[in-house]
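Student: I have a chain open on my screen and would like to go through it with you. Could you take me through how its parts pack together?

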Amino acid sequence: MWVDRRTASGGTPHGVTASSLRGQDQIERVSTLELFFDLVFVFTITQLTGLLVHDPDLLHLLRVAVLLAIIFWMYGGYAWLTNAVAADTTARRLVLLGGMAGFLLVSLTVPEAFEGSGLAFGLAYAVVVLVHIGLFSRTQRVRSASDLVRVGLLNVAGAALILVGGAVGGVTQLALWILVPLVWWLVSPYRVVSGGFDIGAVHFVERHGLVLIIAIGESLVELALGLSELELGPSVAAAAVLGLALSACLWWTYFGGDDTLAEQALTAAPRERRGRLAIEAFGHATLGLLLGVIAIAAGLEAGAHDPFHPLDIGHAVAIGGGAALYLVSDAWFRRRLGIGRAGPRAVTAIPALGTVAVGLWAAAAQVATLVLVFAILFALESRAKVIAYRDAGSASGRHRSGTGE
């Protein structure tokens with residue numbers, strides 16, 4: 001681990017001051033064009049959520065996970081791209097808008113990607129990849145041109161296999177589309193791109209945080225749209241507030257401090273190790289966070305039409321399992337960056353998953369129970385911080401007394 005575990009108490013990494021953090025890294029904030037880009041990407045989240053709303057079975061969950069892994073790989077590619085190449089000229093902005101058009105077309109093909117639109121998905125995805133390569137070739141923040149070539153070839157090869165799978169369809173399509181992201185996410189990062197790119201930590205953390213909060217907000221919109229079809233009364237109002245409370249819990253889990261500490265940890269990490277940290281924390285872990293949000297949103301949307309009646313097993317698992325995945329992914333995020341305590345969040349995934357049984361009784365009851373689970377987690381974490389702070393103060397007082405100060 002590259003960051004002192006004393007960050008677990010909630011402070012900056014040991015020996016790192018705010019001024020030194022700023023000095024190590026150029027401050028680069030996310031542009032409005034990038035935020036616009038993220039809004040287009042999050043439309044994909046809506047489309048994937050729709051797949052689980054209608055068919056919450058294992059096959060469709062697998063398809064959603066595969067599609068998200070494929071699409072989020074290139075979203076991450078564009079996050080690395082704009083981290084290295086500023087969209088500050090007309091030509092670059094137009095090219096980036098071309099990539100956005102590709103993502104929009106990819107999103108439109110998602111609902112039928114395994115039902116006849118696989119080739120269209122592959123062609124749109126190829127546009128996304130080619131635009132990415134073209135604009136990334138303008139960067140000066142790659143230590144070796146060979147690293148950039150390897151990444152480009154890797155992405156082109158993957159896009160080609162996605163095209164082949166989309167054209168063939170059936171079991172071959174599913175097999176190829178599973179293979180591609182597995183190679184991308186689990187093999188290549190450590191052997192190809194982990195040390196070759198400079199990462200502006202401030203921009204990188206902010207960019208991934210924005211897409212996560214937009215996704216959480218989109219899940220709340222889906223719930224609101226479902227409830228809007230019902231007559232507003234006490235029960236509908238209660239369901240709406242509970243949905244908002246659960247979304248707030250998802251927000252609090254990550255944005256209650258993890259984002260700030262992640263920025264400090266990534267900035268403090270040696271530059272040659274930032275790439276691997278970025279892939280594990282903002283690739284693997286964030287992929288899990290987004291899949292958790294999608295599953296929860298699907299369950300909430302399905303339950304919104306009749307919030308005080310039982311959910312079917314698929315949607316109940318989507319809510320409870322999605323929350324468990326979100327917590328485990330956040331624990332992994334914390335562990336990889338050495339921030340906060342990962343254990344309590346991973347353990348809390350167990351009662352979160354246990355709320356599935358409550359969902360089989362009533363959708364709103366499952367959401368209320370989940371909110372309670374998160375609230376207990378936050379209360380225990382807050383108490384642990386107070387105790388740690390008090391113990392640290394006592395130890396400091398004893399030290400001063402022992403030295404005669």
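Tutor: Among contacts in the protein chain between residues at least 6 apart in sequence, 81% join residues at least 24 apart. This is a predicted model, in which local features need pLDDT of at least 70 and side-chain atom pairs count only at pLDDT 80 or more, while totals for chains, interfaces and linings use all residues. Residues are numbered from 1 along each chain as its sequence is written, and side-chain values use heavy atoms, with hydrogens and water left out.

Student: OK, how many helices and strands are there in the chain?

Tutor: The protein chain has 16 helices and 0 strands, where helices (H or I, at least four residues) and strands (E, at least two) are DSSP runs numbered from the N terminus.

Student: And what percentage of the residues counts as buried?

Tutor: Of the 405 residues, 52% count as buried; buried means under 20% relative accessible area, exposed means over 50%, and partly exposed is in between, with a 1.4 Å probe and protein chains only.

Student: Let's do helix pairs. At what angle do α9 and α10 pack?

Tutor: Helix α9 (residues 201–227) and α10 pack at about 170°, with their axes 10 Å apart. Axes here are lines fitted to C-alpha atoms, for helices over the stretch in contact, and angles run from 0 to 180 degrees between N-to-C directions. The two helices are therefore roughly antiparallel to each other, given that angles under 35 degrees count as roughly parallel, over 145 as roughly antiparallel, 65 to 115 as roughly perpendicular and the rest as oblique.

Student: Which residues meet there, and of what class are they?

Tutor: On the α9 side they include Leu-212, Ile-216 and Leu-223, and on the α10 side they include Ala-240, Leu-244 and Trp-251. By class, the contact of α9 with α10 has 14 nonpolar, 4 polar and no charged residues, with Ala, Val, Leu, Ile, Met, Phe, Trp, Tyr, Cys and Pro counted as nonpolar, Asp, Glu, Lys and Arg as charged, and the others, Gly among them, as polar.

Student: What about α10 and α13, how do their axes cross?

Tutor: The axes of α10 (residues 234–255) and α13 (residues 313–337) come within 11 Å and cross at roughly 10°, which makes α10 roughly parallel to α13. In this contact Leu-250, Thr-253 and Tyr-254 of α10 meet Tyr-326, Leu-327, Asp-330 and Phe-333 of α13, and these residues divide into 5 nonpolar, 1 polar and 1 charged.

Student: Switching to aromatics, how many aromatic pairs are there?

Tutor: The count comes to 24 aromatic pairs, where rings of Phe, Tyr and Trp (its six-membered ring) pair if their centres lie within 6.5 Å, and planes under 30 degrees apart count as stacked, over 60 as edge-to-face and the rest as tilted. Phe-72 and Trp-185 form a stacked pair, at 6.0 Å centre to centre and 10° between the planes. Phe-72 lies in helix α3 (residues 58–84) and Trp-185 in helix α7 (residues 170–186), so the pair ties together parts that are 113 residues apart in sequence.

Student: Is Phe-72 buried or exposed, and what about Trp-185?

Tutor: Phe-72 is buried, with a relative accessible area of 1%, and Trp-185 is buried too, at 8%. There is also an edge-to-face pair of Phe-282 and Phe-333, at 5.2 Å centre to centre and 90° between the planes. That pair links distant parts of the chain, with Phe-282 in helix α12 (residues 271–304) and Phe-333 in helix α13, 51 residues apart. Both Phe-282 and Phe-333 are buried.

Student: Next, α14: which of its residues are buried?

Tutor: In helix α14 (residues 343–354) the buried residues are Arg-345, Thr-348, Ala-349 and Ala-352. They cover an arc of only 125° around the axis, which puts them on the same side of α14; the arc is that of the directions from the helix axis to the C-beta atoms. On the other side of α14, Val-347 and Ile-350 are exposed.

Student: Last one, Val-53: where does it lie, and what is it in contact with?

Tutor: Val-53 lies in helix α2 (residues 32–54) and counts as buried at 13% relative accessibility. Leaving aside its neighbours within four places in sequence, Val-53 is in contact with Ala-298, Glu-301 and His-315. Val-53 and Ile-294 are 241 residues apart in sequence and 9.7 Å apart in space, C-alpha to C-alpha.

Definitions and conventions
Contact means heavy atoms within 4.5 Å.
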